[in-house]
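Thanks for coming. I will go through the pockets and the ligand, in that order.

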Amino acid sequence: MTQKQLRKLVERYRVTAGSHFRLKDHDPADRGGGLVNHDESATLLADGVQRLAALQEKLYPQDQWAMLCAFQAMDAAGKDGTIKHVMSGVNPQGVEVTSFKQPGPEELAHDFLWRISRRLPQRGKIGVFNRSHYEEVLVVRVHPELLARQHLPPALNGRKVWQHRLKDIASFERYLSRQGFVILKFFLNISRAEQKRRFLARLDTPDKNWKFSAADIAERGHWDDYMAAYQDAIAATATEHAPWYVVPADHKWFAHLVVVEAMVAALEDLDLHVPEVTDKMRAELAAARVKLEAEDG
Ligand code: ATP
Ligand code: MG
């Protein structure tokens with residue numbers, strides 16, 4: 001498979017028109033319809049990682065756009081591994097990774113986007129969110145007792161709260177896109193059966209025991225509620241300026257390829273370039289050379 005073919009393939013997983021979206025139509029075990037071999041995946045990934053790194057080297061000096069990549073998934077879908085592999089070539093100074101956990105007292109004392117805004121990348125950087133503002137319409141929706149902790153006035157906490165939150169998220173992302181954020185949202189879509197396999201591997205393999213959490217097993221019990229919440233969240237917030245990628249994630253190597261290519265494609269669309277040297281700057285450079293060369297030693 002060539003890079004061009006991979007680019008085309010990745011478009012299959014991009015969702016930009018929420019109204020037609022049906023999560024059920026997305027197969028977690030898909031490997032591009034068999035178009036990509038596992039054997040060639042390492043080479044393709046290395047190539048993607050390299051191109052991403054080169055693009056980031058232009059994003060930073062241009063200092064105009066910022067990229068925001070949000071990762072959402074059920075437990076054991078491979079968020080951590082995907083972030084590790086895909087970002088492995090990029091200059092660490094150009095990336096900010098944030099993992100959003102259960103909000104603490106200070107966070108709960110603020111509006112739900114407060115902690116998100118504080119972690120947005122500055123221009124020239126790539127912000128990676130390991131979980132994100134979407135938790136507010138996923139885990140919080142599945143567990144309404146979490147909403148009860150958010151100090152909302154009862155009048156604003158009624159039946160329409162999820163619909164309102166989804167609209168607020170969509171508006172927030174619209175605003176960010178108008179501010180120069182390139183927004184990509186990745187849902188690493190694993191099947192329930194694959195999650196079971198991975199949990200069992202965590203129990204069976206001593207090196208993986210640390211990853212096991214009893215809470216993850218409990219969340220698994222709410223699988224259908226989570227899928228319904230993902231369906232609604234993606235349908236309400238997938239747009240051209242902030243697309244979702246529903247990434248088949250039962251095969252980790254395939255998920256990594258899709259994510260890196262989606263990021264590369266989004267940055268290539270920007271036509272990034274290192275700022276041009278003006279005549280004034282050229283004169284300054286020449287003056288600096290004269291000064292340096294005049295020094296003794
Ligand atoms: P890993 O298990 O690989 O370290 P993780 O993202 O699952 O990664 P955990 O510390 O296990 O990290 O879990 C974080 C928990 O915080 C998740 O259960 C998530 O649903 C929860 N969480 C994140 N954001 C919110 C939120 N806004 N409100 C309530 N819970 C949240
Ligand atoms: Mg966890």
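First, a convention on residue classes: Ala, Val, Leu, Ile, Met, Phe, Trp, Tyr, Cys and Pro count as nonpolar, Asp, Glu, Lys and Arg as charged, and the others, Gly among them, as polar. On that basis, the lining of the largest pocket divides into 17 nonpolar, twelve polar and 21 charged residues.

Now the ground rules. This is a predicted model, with local features needing pLDDT of at least 70 and side-chain atom pairs counting only at pLDDT 80 or more, while totals for chains, interfaces and linings use all residues. Residues are numbered from 1 along each chain as its sequence is written, chains are lettered from A and ligands numbered from 1 in the order in which they are written, and side-chain values use heavy atoms, with hydrogens and water left out.

A pocket here is an open set of points on a 1 Å grid over the protein atoms alone, where a 1.4 Å probe fits, with protein on both sides within 12 Å along at least five of seven lines; lining residues have an atom within 4 Å of a point. Grid points are joined across faces, edges and corners, and the volume is the space filled by probe spheres set on them.

The largest pocket holds about 1400 Å³ of space. It is lined by 50 residues, and Asp-75, Ala-76, Lys-79, Arg-131 and Asp-216 are the closest to its centre. Helices (H or I, at least four residues) and strands (E, at least two) are DSSP runs, numbered from the N terminus. The largest share of this lining, six residues, comes from α9.

What takes up the space of the largest pocket? Ligand 1 does, the criterion being that more than half of a molecule's atoms lie within 2 Å of the grid points. There are 14 residues around ligand 1, and Lys-79, Lys-101, Arg-131, Glu-135 and Glu-136 come nearest; "around" requires a heavy atom within 4 Å. The shell divides into five nonpolar, one polar and eight charged residues.

For polar contacts, the cut-off is a pair of N or O atoms within 3.5 Å. Oxygen atoms of ligand 1 lie 2.7 Å from a side-chain N or O atom of Glu-135, 3.1 Å from one of Lys-79 and 3.4 Å from one of Asp-75.

Finally, the second largest pocket has about 410 Å³ of space. Its 20 lining residues include Val-182, Leu-184, Glu-240, Ala-266 and Asp-269, the closest to its centre. β5 gives the largest share, four residues.

Conventions. Polar contact = N/O pair within 3.5 Å; in protein donor to acceptor, adjacent residues only side chain to side chain.
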